[in-house]
Structure formats: structure tokens, C-alpha cells
Amino acid sequence: MSAQSSAPAKPSAAQRAVRFVLPIIVFAAGLAAWELVVRVKEVPPYVLPAPSAIFLTLINDWAVLSQSLATTLLTTLEGFVAASIGGIALALLFNQSKWVEYSLFPYAVVLQVTPVIAIAPLLLIYLEQQTAVVVCAFIVAFFPVLSNTTLGLNSVDRNLAGLFQLYEASGPQTLRFLKLPSALPYILGGLRIAGGLSLIGAVVAEIAAGTAGAGSGLAYRIAESGYRLNIPRMFAALLLLSLAGIVIYGLLALISHLVLRRWHESALGKES
Amino acid sequence: MSDVKISSGVEAGLTALAVSLRDVTKTYDNGVMALGPFDLAVRKGEFISLLGPSGCGKSTALRLIAGLGAPSSGTVRVSRHEGAAQPGHGIGFVFQEPTLMPWTSVRENVRLPLKLARVPKAEARARVDEALASVGLAEFTDAFPRELSGGMKMRVSLARALVTDPDILLMDEPFAALDEITRFRLNNDLLALWRGLGKTVIFVTHSVFESVYLSQRVVVMTARPGRIQADIRIETVEPRGEEFRTSSAYADYCRKVSAALAPSYSGQSML
């Protein structure tokens, strides 16, 4: 999980281990300090629960929390899939016709710059709750896919395009064998952003939706636990949300790496 | 210049023309006149070089011949081979850059023109292998472009241009970015290929030495807008090899071509 290779020299195994171990030590130290402060000062759990208490809540409330996690993840997945398909499809449409692009692009921008938290209540009026939540996730996540795919489709090598023209490639052939592969690194970059954003969209919409019964997501659990001053559960739900975000990002980064590793600069090792 | 044209015209009566350009001009949208008026007749099987300073329109001429753009005026005629098994293209094009698809293997890169023409896989495979063998890359079929050296990439590019078995090979400064030793080797390989395959080659270069070494005819172009400054026939003992490169005849031709090229560079302080 090395994010950047800053030094030209190859990092040794020890250096890499240090990079991996240091954040863990910081994390452990932080938790220990937190636990200590709570215990020594006898801070009540409704003000600040100790890490151990949060962990216990996570285990004891697992039935409720896991169901909420599943709900949120499903919403996120639906929003993400919709955003991916919608973003790529719209970008392809823009690429085929300048007129369509000129006509629609400003609205995509408007949708992107309007805060989703402000759109959510309106959507909740007109749509069924579950649909509204997915639409929110979609709205937040689709723009990076659209703009990245558009950028990718426009970044085709000019000479390669000339070559396809020379060999009289049809439109679909050019799309399949030239434009989409050229755009792939950009698309994957867009998807990586969209994964995290669709989780954010889902959470925002869940909070906006507020009251709901069974089958509510993690964000709803957080809001609900807040009203009940069940602070440990708030933390536990928050923890799950963070973990979900990390896993989503990690998965998409892994997929991107596996797809691009043979040819794209971004996925190649430092040695070549 | 004019008598050269007449002589090639006479010969054209005997041997059919592969490419002919008549009064061709090209003016770009921004008003820059890149070419012309430009006349060129290339016989079938001939190896000619277009030589000229940067920006003289030689690449433009090549792109017009390839059909990558239309002339502003004049006519471009390219003979297409009749009754050819594969659809369409009598033309192979090698760009200055290798212009390979980085996301796929050498084999798939070379197969591209056949794939676009929907040639059946088995047949395509045989032809790809043949093309790669002809440029000496038979063992590298599964490598990815970035795993290859600059010279090897250029060979892949050449194999791709040859895979459709075109009558005409257009090459746009293909070896300009390579080191001298690699360039000499590719020059020799290209000559061997040309002798073996009997294709018409139009080779754009800004190197006097390369043009004299390779071609039967060197067409020297003026600075923009490109016109023909001189048309010099290189006659020597065939097949050419390294001994030609060190011969006095070679040096004489280089001097002659350089002299013809000199006016094109006058007044071009930028270069």
C-alpha cells in the first residue's frame, strides 16, 4: 500500500516495514491514551466512551449494527453501480455527439455543485425513501465518473486515431478497441473516487431521511443513537462506516491495479 | 528538375504508377499553407525519400497520400491493388512514434489491422507470425510494448504496417528518434525487406545520409510551403550494404543532396 515513491532509491524491506508499522503504533498509542484518560478521569460513557466500551458495544449490538451496515452497503453499491453505468454511458454519449454534450453538460455540473444534503429532502418528498437514498448516492458519485471518462475518451493518441482511420475502422470498432482501452485508466480513477462518494451520498441521504423503522442504515443508527445519548453505539456505527469506506477504496484500488498492472504507468513498479 | 520529371514520366508509361500527386496544395484551417503546389509520381516498387527541413510539409504530403486528410486543391491518386483478398488497404503507415497500443501485447498490436478488417483468427495468427518474423521479433509476441526497446517498438510498428501486405509503405521519419547504431541496423533491415517484398516505399526523413543510403530517388523539398526543389536519382550497385555507406559514391551523392537542400534552409534562423 505504498502511496508514492518519493525517493529515487529503492526502499528497503526494513523501510517498508517501518512505513507499515509506524501508523499502527500511532493508532495503538492513541487508543491507549484515550482509554487511560477515560479511566483515570472517570469520564461518563455518554460524554466519551472508552475504546474498550465501543468495542464491547460493537459486539453486543452486532445484530442491529450488522443489519444497518448491510443496508448502507447495499445502498452504496446500488448508487455506485448506477453512477458508474450512468457516468460512463453519458460520457460515451457526449463523445458521440458534441450537441448532446453542449446541451447536457451544464446540468451535470449543476447537479454536482448543488450540495446533496440540500437536494435530499426534496427527493424524499417525491421518491420512495429507499429510492431517494440511492438517487442521492448516485448524484454525488456520478460526476467524477462522467468527467474522468470524458477526459479519457478525449485523450486518445492522435496517431493511433489516424491509424484506425487509415484502416477504415467502424465507429463501434474504434470505441471498443481504441477509445475505451485508452480511457480505462481514467475511468478506473473516476470509479475509485465514486466508490467513496457513493458511501457519503448514502449516509447523507439516510441522515436526511431521519425517521425510519427497521432496515435503516448506519447513518440512521448514528442519528438515532445520538437522540438516545447512546454514545458508544454512535462511535461503533461510525467505526463501521469508516471501515466500510476503507474497504471500498481498497477494493477499487486493487481492481484498478490488477487491470492496469501490465501497461499503465500508474500501476507499474518502481523498478521499470 | 523538369527533365527529371519528364524521364520519370516516360518510365511511368512502361511501369504503372503507385502514387501520383498533381498540383496538390494543402492549406490548414489556420491559414498556413503547408504544401504546394506539389507534383509527385512514384512508380510501383520504387523506394523514394522525401527530404526537407522541419515543417516543410513532407509529413503533410504523406498523410494526404494515406488519405488522412484531403488536399485543398489538386488530385491524389493511389493505386489500390485489384482482386486483393483482404479488404481495402493497399497502404501501410509507419509513424514517427511507434504508435502502439500500450494496453495489449505485441501480437495484438500487429493483429490490429486484420482485426479491424475482420480477418478470421487462424489466418490472422499466421500472418501476424509471419510479419513479426520478417522484422526479427518472433520471440517477442507476448511482450507488452513498454517492455521493448525503442528500436524493437519501431520493428513492431513496421510489422503492423506489413501485416496487411500493402503495396505501398508510407514511413514518416520512422527512425528519427533512435540512436545511430539502431538506425543503421533498421536501415539495412528495411532495405532487405524492400528487396524481398517488392513494395513501393515513400520514406520521409530530414537526414541526408539516410535518404541517400536507402532510396532510389531523393525528392528534396523547399521550406514551407513545400515544393520540389530537386529530384535526385541514386544509382549504385545493388544490393546496397554497409560498403555503400563508406563508399565515395555515397559521399558524392550526400554532397549533391546537401547542396540541393541548402537553399531550403537559408533564412531559417530558428533551425
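The model is a predicted one, in which local features need pLDDT of at least 70 and side-chain atom pairs count only at pLDDT 80 or more, while totals for chains, interfaces and linings use all residues. Residues are numbered from 1 along each chain as its sequence is written, and chains are lettered from A in the order in which they are written.

Between the chains, 14 residues of chain A are in contact with 18 residues of chain B, contact being defined as C-beta atoms, placed from the backbone, within 7 Å. On the side of chain A that touches chain B, α7 (158–166) and α8 (171–209) each supply at least two residues, and α7(A) gives the most, with six residues; helices here are DSSP runs of H or I of at least four residues, and strands runs of E of at least two, numbered from the N terminus.

In chain B, six strands form an open sheet of mixed pairing in the order β5-β6-β7-β3-β8-β9, where two strands pair if DSSP finds at least two bridges between them. Because β5 (91–94) and β9 (228–233) of chain B stand at the edges with a single partner strand each, one side of each is left without a neighbour in the sheet. Within the sheet, β6 (residues 168–172) and β7 (residues 200–205) of chain B pair in the parallel sense over five bridges, and B:Met171 has B:Phe203 in β7(B) as its bridge partner.

Leaving aside neighbours within four places in sequence, B:Ala159 is in contact with residues including B:Val110, B:Ala131 and B:Leu137.

Note on methods:
Contact = placed C-beta atoms within 7 Å.
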